[in-house]
Amino acid sequence: MIETSSSAPLVRTTCPVCHDTDAAPFLTVPDRFKLQAGEPYHLVRCRKCSLIYLNPRPDESVSGRFYEHEAYTPFVSAAGEAGATARLYTHLRTLNNHWKRRLIEKYSGRKGRLLDIGCGTGEFLHEMQAAGWQVRGVERDARAAAYAVEALRLPVIRGDLDALPSPDESFDVITAWHVIEHLYEPHRAIVRMRDLLKKGGLLIIAVPNAASLDARVYGQNWIAYDTPRHVQHFTPRALRMMMEMHGFEKRSIRSLHLDALFNALMSAQLGAQRSGSSTAGKLLRLVQAGGVGLAALLAGVLSADMRNYVGSTLLTIWRK
Ligand SMILES: [Zn+2]
């Protein structure tokens, strides 16, 4: 273990996807919530599978502390936040959830049992349940899970995949929206999800695309690096390699349109914060971000399902 000035113990790892050790230095990225304090984290790129990963990374036993920040947006509902940004985020999330449901129903053909891993405050499950799906959720964050159970009356268990009952191949669809990039043992999670799925069931995985247009434009300010909460960043190739190792068959690669705009705006904001831009400078960055976001959105739509997919998010659909 290596001690750093930010006092989180760091541990070295092999590539979390292919377990190779041959990786090239890629970027150094600070924790966006602690720009002035602590050492930046190091990202490396695996020469074998193209995964970008944090190495060294905080010990898993202390990883929970990095989520304890009030501005951590996945949990704004539970925080009772009422600011304009929080409201906008909530509206956009609702739109996104409608779109996700329609996509799932298109590929599954019928309604059935659905499990959402890392369901947060549960708005996606709420959307699915209202449309006639039998839903379950699992969420590691105590406050978010409590909100899903108490405010939305959803069957959500607090914990990780191990908190679920024995893998009985009973789900028609399992979703993991922006979850796998946080997991220290992604293979273990994929095996567990496979065992929970019916034969022919769908696994839907969405992760930020490390090969995206916005990742290339914003470099170390790309919001989706989100170190050290995200411990790995998939390219289409790395994700496909991992899924095929577990016998999944690819159905589709899609973009999540709003993520392109969200990533560009948040990345521009982070860049302005780090460089201490003037008001005019901030405005210019914002205008540029609008352009980058639209370009990323369009690039995602045009390159969907291709080997060189450059959309902001890798929304992938796999069949067991
Ligand atoms: Zn690798």
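Residues 24 or more positions apart account for 71% of the contacts in the chain with a separation of 6 or more, where a contact means that two C-beta atoms, placed from the backbone, lie within 7 Å. The model is predicted: local features need pLDDT of at least 70, side-chain atom pairs count only at pLDDT 80 or more, and totals for chains, interfaces and linings use all residues. Residues are numbered from 1 along each chain as its sequence is written.

**Confidence**
- The chain has a mean pLDDT of 89, and 93% of its residues reach 70 or more; pLDDT is the predictor's confidence in each residue, from 0 to 100.

**Overall form**
- The chain holds 9 helices and 13 strands, which are DSSP runs numbered from the N terminus (helices: H or I, at least four residues; strands: E, at least two).
- For 320 residues, a compact globule would have a radius of gyration near 20 Å, and the 19 Å of the chain agrees with that. The radius is taken over C-alpha atoms, and the globule rule is 2.2 Å times the number of residues to the power 0.38.
- The C-alpha trace spans about 50 × 45 × 40 Å along its principal axes.

**Burial and core**
- Of the 320 residues, 44% count as buried. A residue is buried if 20 or more other C-beta atoms, placed from the backbone, lie within 10 Å of its own, exposed if 12 or fewer, and partly exposed in between.
- The largest nonpolar core has 82 residues, of which Leu-51, Ile-174 and Leu-203 touch the most other members. Such a core is a set of buried Ala, Val, Leu, Ile, Met, Phe, Trp, Tyr and Cys residues joined through C-beta atoms within 7 Å.
- Leaving out residues up to four places away in sequence, Leu-203 touches Ile-174, Met-193, Leu-197, Phe-248, Trp-318 and Lys-320.

- Pro-186, Ala-189, Ile-190, Met-193 and Leu-196 are buried in helix H5 (residues 186-196). They lie on the same side of H5, because they cover an arc of only 125 degrees around the axis; the arc is that of the directions from the helix axis to the C-beta atoms.
- The packing partners of the buried H5 residues are S6, strand S9 (171-177), strand S10 (197-208), strand S11 (232-233) and helix H7 (236-245).
- The buried residues of H7 include Pro-236, Ala-238, Leu-239 and Met-242. Their arc of only 165 degrees around the axis puts them on the same side of H7.
- H5, S10, strand S12 (249-254) and strand S13 (313-319) are what the buried residues of H7 pack against.

**An open sheet**
- An open sheet is formed by 4 strands in the order S2-S3-S4-S11, with antiparallel pairing; two strands pair if DSSP finds at least two bridges between them.
- Strand S2 (23-29) and S11 are the edge strands, each pairing on one side only.
- S4 and S11 are joined by 2 bridges, and the bridge partner of Ile-52 in S11 is His-233.

**Gly-112**
- Gly-112 sits in the loop between helix H2 (84-108) and strand S6 (113-117).
- Gly-112 is partly exposed, because 16 other C-beta atoms lie within 10 Å.
- Leaving aside neighbours within four places in sequence, Gly-112 is in contact with Trp-133, Asp-172 and Val-173.
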